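Please look at the sequence and the model below before reading on.

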Amino acid sequence: MASPAARTALDLTADIPLADPADRYRDLHRHPELSQLEHRAAGKHADRLRTAGYAATESGAPAHLPVA
């Protein structure tokens, strides 16, 4: 049984298109990046958020995390 917070997170992200987790795993491990310098991975995550209709940009914060 999922917690209320987990259910809310699942509800909010249900419309985000997900690639096969195995494909994402292989891609991330084929293109490793140093900690706090994950530019490629952050760009891929931001693109997934944009595809789902969110306004996302790479923040410039540590690890350049996408911001929706």
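D23 is partly exposed, with a relative accessible area of 41%; here buried means under 20% relative accessible area, exposed over 50%, and partly exposed in between, for a 1.4 Å probe and protein chains only. Its partner in a salt bridge is R26, at 2.6 Å from N to O, where a salt bridge is a side-chain nitrogen of Lys or Arg within 4 Å of a carboxyl oxygen of Asp or Glu. Both residues belong to helix α2 (residues 21–30) and stand three residues apart, about one turn of the helix. Helices are DSSP runs of H or I with at least four residues, numbered from the N terminus.

The model is predicted: local features need pLDDT of at least 70 and side-chain atom pairs pLDDT 80 or more, while totals for chains, interfaces and linings use all residues. Residues are numbered from 1 along each chain as its sequence is written, and side-chain values use heavy atoms, without hydrogens and water.

| Pair | N to O distance |
|---|---|
| R26 and D23 | 2.6 Å |
| D27 and K44 | 3.9 Å |
| R50 and D47 | 2.7 Å |

D27 and K44 form a salt bridge. This pair links distant parts of the chain, with D27 in helix α2 and K44 in helix α3, 17 residues apart. D27 counts as buried at 18% relative accessibility, whereas K44 is partly exposed at 38%.

R50 and D47 both lie in helix α3, three residues apart. Salt bridges that share partners join D27, R40 and K44 into one network.

Conventions. Helices (H or I, at least four residues) and strands (E, at least two) are DSSP runs, numbered from the N terminus.
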